[in-house]
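Student: I have a model open and want to go through its packing. Can we start with one of the aromatic residues?

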Amino acid sequence: MSGSMGMGRQGTTGGMGQATTGAPNVTFDLVSVLFHALDGGSALQQYIQDAQQAGDNELVQFFQQISQQNRQRAQQAEQLLAQRLGGGQPSH
C-alpha cells in the first residue's frame, strides 16, 4: 500500500516535470500553479457574466471571490518562481 502512495506523486506532475522539461519538479509545479490560476480567469469571467444575466447575485459574488483568489494565487506563485529562478530579486 505504501508503495502505491509513493508512486502517485512520481506518476503525476512530480515525475513529469523534470523528466519532460529538465526543470526541477518544484519549478514545474510552480509554473503549473501559475498557469492554472491565470487560465481559470477567462472562464470565471464568463461564469460571472452568466450569473449576472441570470440575476443570481450570490453566484456573481462566489465567482468573483474565486477570481480574486486565483489572482492572489498567481501573484504568489509568480513571486515564488522569481525568487527561485533569481529573477528580479536582490542577491545576497
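This is a predicted model: local features need pLDDT of at least 70, side-chain atom pairs count only at pLDDT 80 or more; totals for chains, interfaces and linings use all residues.

Student: What are the ring centre distance and plane angle for Phe62 and Phe63?

Tutor: The centres of the two rings are 5.6 Å apart and the planes are at 55°, so the pair of Phe62 and Phe63 is tilted. Phe62 counts as partly exposed because its relative accessibility is 42%.

Student: How many aromatic pairs are there by this rule?

Tutor: The count is 2. In the pair of Tyr47 and Phe63, the ring centres are 5.5 Å apart with the planes at 50°, so that pair is tilted. It links distant parts of the chain, with Tyr47 in helix H3 and Phe63 in helix H4, 16 residues apart. Tyr47, Phe62 and Phe63 form one aromatic cluster.

Student: And Tyr47, buried or exposed, or in between?

Tutor: Tyr47 is partly exposed, because its relative accessibility is 40%.

Student: Switching to H4. Which of its residues are buried?

Tutor: Val60, Phe63, Ser67, Asn70, Ala74, Ala77 and Leu81. Helix H3, residues 25–54, is part of what covers them.

Student: Why would residues three or four places apart point the same way?

Tutor: An α-helix has 3.6 residues a turn, so residues at that spacing point the same way.

Student: How far does H4 reach, first C-alpha to last?

Tutor: H4 has 29 residues and reaches 42 Å, close to the 42 Å expected at 1.5 Å a residue. Just after H4, Gly86 takes a positive phi of about 80°.

Student: Which residues make up the largest nonpolar core?

Tutor: There are 6: Leu30, Leu34, Ala37, Ala74, Ala77 and Leu81. H3 and H4 are the elements that give two or more residues to this core. A second, separate core has 5 residues, including Leu44, Ile48, Ala51 and Val60.

Student: Take Leu30. What does it touch, leaving aside neighbours within four places in sequence?

Tutor: Leu30 is in contact with Ala77, Leu80, Leu81 and Arg84. Leu30 belongs to helix H3 and counts as buried because its relative accessibility is 15%.

Student: Last topic, confidence. Which elements have the lowest and highest mean pLDDT?

Tutor: Helix H1, residues 2–11, has the lowest at 39, and helix H4, residues 57–85, the highest at 95. Over residues 1–14 the pLDDT stays under 50. The protein averages 79, and 68% of the residues score at least 70.

Notes. Residues are numbered from 1 along each chain as its sequence is written. Side-chain values use heavy atoms; hydrogens and water are left out. pLDDT is the predictor's confidence in each residue, from 0 to 100. Helices (H or I, at least four residues) and strands (E, at least two) are DSSP runs, numbered from the N terminus. Contact means heavy atoms within 4.5 Å. The expected span of a helix is 1.5 Å times one less than its number of residues. Buried means under 20% relative accessible area, exposed over 50%, partly exposed in between (1.4 Å probe, protein chains only). A nonpolar core is a set of buried Ala, Val, Leu, Ile, Met, Phe, Trp, Tyr and Cys residues joined through side-chain atoms within 4.5 Å. Rings of Phe, Tyr and Trp (its six-membered ring) pair if their centres lie within 6.5 Å; planes under 30 degrees apart count as stacked, over 60 as edge-to-face and the rest as tilted.
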